[in-house]
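Me: I would like to learn how to read this model, one feature at a time. Please give me the general idea and then the case here.

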Amino acid sequence: METFLSFTVIGIVAGAIYAVTAMGLVVTYTTTGVFNFAQGAVGMVAAFSYWELTQSYHWPVVLALVVVLLVEAPLLGALVEFIFMRRIYGASADRSLMVTLGVLLIMVGVATAVWGQQTLRIVPPFFEGHEVTIFGVVVTYQQLLIVIVAVVIALGLRLYFMNFRSGVAMRAVVDDPELLALAGVAPYRVSRRGWMLGFMLAGLAGVLLAPTVGSTGLNIDTLTLLVVNGYAAAVVGRLRSLPWTFVGGIALGLADAYATGYLPGHIPAALVEQIATIIPAVFLFVALLVVPSARLRAIGRIPVHLPPKVANARQSLVGSGLLVVAVAVISVVAAGSTLATISQGIALGIVALSLVLLTGYGGQVSLCQYTFLGVGAFTMGKVAGGGGSWLGLLAAVGICAALGMLVALPALRLRGLYLALATLAFGEAMYYGFFSNSSIFPGYGGSITVGRLALPGTQGIGDRTEMIEIAVFFGACAIGVLALRRSAFGRRLVAMNDSPAAFATLGIDATVTKMIAFGVSAGMAGLGGVLYAGVQGSISANDVELFASLILLLFVSIWGIRTTAGALLAGLTATILPSLSTHLPPAWAQLSGLVAGLGIVLLGRSPEGVLGVPWLRARVRLPLGDRDALEPSGAFGQTSEGPVGVLS
Amino acid sequence: MRATILTTAPAVRFEGVRASYGRIEALYGVDLEVPAGSIFAVLGPNGAGKSTLLKVASGQLRPTAGTLKIEGLSVRRVSPEAFARSGVCAIPEGRGVFPNLSVRDNLSMWTYQGTGRPEAEERAYTRFPRLKERRRQLAGTLSGGEQQMLAIARALVGSPRLLLLDEISMGLAPMVVGELYELVAHIAADGVTVIVVEQFVSTAVRVADHAAILLHGRVHQQGSPDEMAEAALGAYLSSEG
């Protein structure tokens, strides 16, 4: 009984922290219509700042708390609203989602630069040494504090939103910002308050979390992702109900505590830890499927803009041919690590192409493409002893396609944000449960050998030939993606993205369309993975980090998510930047994340990326036939400008 | 003090007002004078620029040329929320309420001119008892007529000087429309200037003091409501009989 009670205490305390961060998410979402993926990163920054002030500068705890929670966090929130969010007002839901991913990466990048050195940073507990015994269970003052804070926050927020006019206005702003202005409240002020409040709650969660991480000390990635777990709680609250979000947080904490506490004793400790890390992801996945998804609300209109012209068969053939020739020339000139970087870049370009199909055309945001990359490479490595065979390639593509459809299956009823969250949960579970599993990938950070794909009838393949081989695969995939886009299936995919409601009236099965898109896309990502791993000869958990999927997605969006050239450039950027950062001081370790983050926020709401910037469109003719024949006209001017004064 | 302003200058005056959405022009130089304390009906077919005219008058859309004068003062670079706080009450077409807020919360949003919440509810419920029954219900789940009552309750809760109504009869039963316009007349009798925009002529004209027909972003004709009702038949309603 006592064990049960102590697990309960642990669960409730962890749940209280999840609840605080999740309530912050809900506050931001209900007031701005934007789901803030950077919530965890804000908590991380707050935790590190708190450590810096109390441990480096020896400030008193209360003063540090005031500075971090009442000055730094709201200021950051106001800044993010002012610099990033206001620019994308009226943009599509995916775009605002990507901008918050960008903010996440920027924060991680900056934190790496500031606190990246391998210093052990331990935040001492609040009220160290004080504890009480409740029903025979020892409860520290810190645990009590966490729970009390969470309850007070929950009640306070509810009171504010229900009984104060400014609180009601925060709920009203998502409904109709223009009407809110007519009711005498400036919508942007309300949104800014939403960001500030959300950031304060994220910061609070981070500071409460900081002393509980134990002897391993503060870690940028873990802190950022730990708070990600709060997402599940927010989903239980259907992104709008604060009481249910609170319940969701506590439930998640308890599930985590009981599951790890009551595992049979013979399971090794390392595995227990792994299970503990998977549970939030599984919880999120289940919550997404079980909780009826609330109608997603997004401020703004459906953006209407001219997509890039889709290349015809001849153009795409010529484009791909030119690419292969260009790569052949480069393969002669380049050498050593440069060769490998470019080869891997083109291979990642194939993964990026899978996003062009799925996200660019189909509007389905996937945050787990690297999982398919990893699974593809793993399959290749396992088939015929180390892989390298065409059978391995087929197996890899097939297994990834099947896995992709499997992920799509539960995700079919999910759209937009929820789908993105589901793929994130899947990616997280696979990362911790599969790629970090030492019995599958032997040893610490273990890797599996992946052979290169030899040309038929030959043994082995050189670096240069391999590069050309990868370019040929990319060209073939690009031709395939463009052909798919021109086909009836492509039109269905785009129609489904444009207006799901209208699509449903056409008598076409959206389920089949979505599943095919997911399957093809995952298969293609698997192919990219096989080639990517072949260049370096192995695959390990390090290659499939969660952030990597986000970074690649952002790079494709930055270059142009509806163009095959954008995919190629994105793949190259995703390998060239990290290889550059190895020549820089360690503070720049997250260079590609920083660039991705800054790029996406600088791009604002230009929906077609760098390649879609009118100035560039008019002057640059890219291979692969993605050039645009049409100038964006002002016919839909309202969508880009919006009525003056609404949020200006 | 308000009375003196009202008697010395027209409540709203458009002088050569042009307005556009991006590159699409909607108003090509509108000249119109709305006398203080009157009900002014703006008639016209779809796309004539009627709603745009109200957006300009409520500060939601800034004119690209020309001047807007409210109570004799030239207004420029003023945000819509400032318009609202100074007594311009604009009720947009078809969506004058916050659908995901309860009736009570909607009413509390209407208290921006300093009316207390209980007072606001009192005023609204006295006029529309049906809203009281539904006070906990989400506004989006009310019937069209009830939503329009809730929207117009804004004029009762605050103390508007200028009321701008965009197609309040849209999609409503004739009985309800009659009821709403009766209220509009009542509000105007207290000295509030009202501009009503309607595509269909009958009801608006019955309560209006003046009317104008807008066609293709310009004032086509103006005069007494009856004359305009007649003229509208020739100008744009002819084919519908």
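Me: Leaving aside its neighbours within four places in sequence, which residues is A:Gly349 in contact with?

Reply: Two residues are in contact if their C-beta atoms, placed from the backbone, lie within 7 Å. By that rule A:Gly349 touches A:Phe474, A:Ala567, A:Leu568, A:Ala570, A:Gly571 and A:Leu572. The C-alpha atoms of A:Gly349 and A:Ala567 are 5.1 Å apart, although 218 residues separate the two along the chain. A:Gly349 itself sits in helix H14 (residues 336-361) of chain A. Helices (H or I, at least four residues) and strands (E, at least two) are DSSP runs, numbered from the N terminus.

Me: What should I keep in mind about the model and its numbering?

Reply: This is a predicted model, in which local features need pLDDT of at least 70 and side-chain atom pairs count only at pLDDT 80 or more, while totals for chains, interfaces and linings use all residues. Residues are numbered from 1 along each chain as its sequence is written, and chains are lettered from A and ligands numbered from 1 in the order in which they are written.

Me: Is A:Gly349 buried or exposed?

Reply: A residue is buried if 20 or more other C-beta atoms, placed from the backbone, lie within 10 Å of its own, exposed if 12 or fewer, and partly exposed in between. A:Gly349 has 34 C-beta neighbours inside 10 Å, so A:Gly349 counts as buried.

Me: How is chain A divided into domains?

Reply: Domain bounds come from an automatic or database domain assignment. For chain A they give domain 1 (2-266) and domain 2 (313-634), with C-alpha centres 32 Å apart. Where the two touch, domain 1 of chain A supplies 25 residues and domain 2 of chain A supplies 27. On the domain 1 side, the elements giving two or more residues are helix H4 (93-115) and helix H10 (230-236) of chain A. H4(A) gives the most to that side, with 15 residues.

Me: How do the residues on that side of domain 1 divide by class?

Reply: Ala, Val, Leu, Ile, Met, Phe, Trp, Tyr, Cys and Pro count as nonpolar, Asp, Glu, Lys and Arg as charged, and the others, Gly among them, as polar. The side of domain 1 of chain A that touches domain 2 has 17 nonpolar, five polar and three charged residues.

Me: At what angle do H4(A) and helix H17 of chain A pack?

Reply: Axes are lines fitted to C-alpha atoms, for helices over the stretch in contact, and angles run from 0 to 180 degrees between N-to-C directions. Angles under 35 degrees count as roughly parallel, over 145 as roughly antiparallel, 65 to 115 as roughly perpendicular and the rest as oblique. H4(A) and helix H17 (residues 416-435) of chain A pack at about 40°, with axes 9 Å apart. That makes H4(A) oblique to H17(A). In this contact, A:Ala93, A:Asp94 and A:Leu97 of H4(A) meet A:Gly416, A:Leu417 and A:Ala420 of H17(A).

Me: How many residues of each chain are in contact with the other?

Reply: The contact joins 24 residues of chain A to 29 residues of chain B. On chain A, helix H6 (165-175), helix H7 (177-182) and helix H26 (637-641) each supply at least two residues. H6(A) gives the most to the chain A side, with six residues.

Me: At what angle does H6(A) cross helix H8 of chain A?

Reply: The axes of H6(A) and helix H8 (residues 187-209) of chain A come within 9 Å and cross at roughly 110°. The two helices are therefore roughly perpendicular to each other.

Me: In what order do the strands of the open sheet in chain B run?

Reply: Strands of a sheet pair through backbone hydrogen bonds, either parallel or antiparallel. Two strands pair if DSSP finds at least two bridges between them. In chain B, six strands form an open sheet in the order E6-E7-E8-E3-E9-E10, with mixed pairing. Strand E6 (88-91) and strand E10 (218-223) of chain B stand at the edges with a single partner strand each, so one side of each has no neighbour in the sheet. Strand E7 (residues 162-166) and strand E8 (residues 193-198) of chain B pair in the parallel sense over five bridges, whereas E9(B) and E10(B) run antiparallel, joined by five bridges.
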